[in-house]
Amino acid sequence: MDTLNRWQDRLEIFAGLWLCIAPWALALPAAAAWCSMVVGVAVIVLASQDLFLPNHMDDWANVLLGVGLMISPWVWGYSGHDNAMLNALFMGLLVTLTSGWALERVLYDKFKVWRAHHHAH
């Protein structure tokens, strides 16, 4: 897989950047703001690393961060704030789906190699 064509990682970096500025852009409450910034920075770091040094563990970590972001409104008590909740749900889903898609491609490529090796005999 060509590391410079990983559009999923680029989309995750933009999602992470949005998560870092969302607290000011959407006037998020404190719990949502902290969650958004922490997850945003983590997504940026993992996606940047995965862009240049592909590793499926980064994709798994971003899937978990995305799921965590989606449940965070109820865990951290800001589900009553519509902007904060919708931002967490939408961005969490975006990160989860793009990371899952990248992970699916990595696992499928590994499966093709395994199948070619085991059926070549």
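## Exercises on an aromatic pair and a helix packing

The structure, a predicted model, holds one aromatic pair (six-membered ring of Trp, or ring of Phe or Tyr, with centres within 6.5 Å). Residues are numbered from 1 along each chain as its sequence is written. Local features need pLDDT of at least 70, side-chain atom pairs count only at pLDDT 80 or more, and side-chain values use heavy atoms.

**Exercise 1.** Classify the geometry of the aromatic pair formed by W7 and W101.

*Solution.* Step 1: the ring centres of W7 and W101 lie 4.9 Å apart, with 90° between the planes. Step 2: this pair is edge-to-face, the term for planes over 60 degrees apart. Step 3: W7 belongs to helix α1 and W101 to helix α4 (residues 82–118), so the pair links distant parts of the chain, 94 residues apart.

**Exercise 2.** Determine how helix α1 is oriented against helix α2.

*Solution.* Step 1: α1 (residues 7–25) and α2 (residues 30–52) pack at about 160°, with axes 8 Å apart. Step 2: α1 is therefore roughly antiparallel to α2 (angle over 145 degrees). Step 4: the contact (heavy atoms within 4.5 Å) includes I13, G16 and L17 of α1 and V39, G40 and V43 of α2. Step 5: the contact residues divide into 15 nonpolar, four polar and four charged.

Note on methods. Axes fitted to C-alpha atoms, helices over the stretch in contact; angles between N-to-C directions. Helix = DSSP H or I, 4+ residues; strand = E, 2+ residues; numbered from the N terminus. Parallel < 35°, antiparallel > 145°, perpendicular 65-115°, else oblique. Nonpolar A, V, L, I, M, F, W, Y, C, P; charged D, E, K, R; others polar. Phe/Tyr/Trp six-rings, centres within 6.5 Å; stacked < 30°, edge-to-face > 60°. Buried < 20%, exposed > 50% of the residue type's maximum accessible area, 1.4 Å probe, protein only.
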